[in-house]
Every structure is written in structure tokens, then in C-alpha cells.
Amino acid sequence: MSIQVFRGLLPATALSVALCGALVAGLFPTATLAERTAAPEGAKVYIISPKDGETVPQTFKVQFGLSGMGVAPAGADLPKTGHHHLLIDLAELPPLDQPLGKEIMHFGGGQTEASVTLPPGPHTLQLMLGDKNHVPFDPPVVSEKVHIQVQ
Ligand SMILES: [Cu+2]
């Protein structure tokens with residue numbers, strides 16, 4: 001008798017598991033995972049100015065450096081290009097499998113420098129390149145962290 005009950009339940013259980021799997025498979029890619037662009041070999045992003053350890057006024061200019069690839073506005077589908085993002089006081093890199101968020105400064109116009117205003121004290125600056133969809137490259141094209149003292 002217990003075997004009959006088991007047999008009766010099994011197909012329904014198998015069906016719900018299959019449905020669940022289909023739902024997860026269907027939702028996952030669009031919900032959390034973005035397609036990442038392969039980084040061109042030797043691509044390097046760096047902060048030209050300010051230098052590591054520099055003391056700067058509250059409003060100062062940050063100059064972005066890039067070698068091994070080009071700068072293009074966000075949305076432009078051109079090979080081996082991306083646009084800059086400035087990470088300020090970020091302890092950890094943002095998630096690499098989704099577009100960079102609004103908490104990060106985007107330079108989607110293809111800018112190569114920015115005027116930044118920060119409160120006095122120690123701060124860190126780091127650059128990360130994003131592709132046409134604001135998604136970090138694979139592997140990420142990210143600069144060394146620059147430590148500054150704002151007066
Ligand atoms: Cu962006």
C-alpha cells in the first residue's frame with residue numbers, strides 16, 4: 001500500500017522539480033548574470049594623476065590613463081574599447097558579472113578626466129573599465145589603487 005502511494009506521488013514530484021529547474025534556468029541569466037566581454041590582451045588602465053600618496057585640495061582633477069585598448073562612449077559597439085569608471089573609497093571590487101551600478105561614477109561619454117570633490121581626509125581612487133553595457137571586462141581591466149590625502 002505504501003508503495004502505491006509512493007508511485008502515485010512520484011510523477012507529480014518529478015514534474016514540480018522539472019518546472020522549478022526550468023524557471024530558475026529561465027530567470028537566472030537575465031536577472032543576475034550579464035555577458036562579459038573578453039579583455040584585450042595587455043590592456044591596462046591606470047591613474048595618471050593624482051599620484052599615490054599625493055595631497056590634493058578638496059576639488060581636484062583625476063586623469064585617466066589607458067593602454068592596449070581605446071576609449072569609446074557607453075553603447076558604442078566597437079572592438080577593444082570601453083569607458084572609464086571611478087571607484088572612490090571602495091574596499092572591494094564591485095560584482096564582475098553585472099553592469100556597474102549608480103554608486104559608481106560612470107564616464108559613458110568617453111571622458112578621460114574628471115573633476116572630483118571629496119571631504120578632507122584619506123581617500124582611495126581606482127579605475128575600472130566597463131564595456132558598452134557597463135559590464136567589467138573578463139578578466140577585469142582595473143587600476144592599482146591610488147591613496148590620496150584631501151586637505
Ligand atoms: Cu558605465
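In strand β3, the residue that bridges to S49 is Q63. A strand here is a DSSP run of E with at least two residues, while a helix is a run of H or I with at least four, and both are numbered from the N terminus. The model you are looking at is predicted, so local features need pLDDT of at least 70, side-chain atom pairs count only at pLDDT 80 or more, and totals for chains, interfaces and linings use all residues. Residues are numbered from 1 along each chain as its sequence is written.

Now follow the strands around that bridge. β1 and β3 (residues 59-67) run antiparallel and are joined by five bridges; two strands pair if DSSP finds at least two bridges between them. They belong to an open sheet of three strands, ordered β1-β3-β7, with antiparallel pairing. Because β1 (44-49) and β7 (113-117) each have a single partner strand, they stand at the edges, and one side of each is left without a neighbour in the sheet. Strands of a sheet pair through backbone hydrogen bonds.

S67 also lies in β3. S67 counts as exposed because it has 10 C-beta neighbours inside 10 Å; the cut-off for exposed is 12 or fewer other C-beta atoms within 10 Å, for buried 20 or more, and partly exposed lies in between, with C-beta atoms placed from the backbone.

Of its 151 residues, 20% count as buried.
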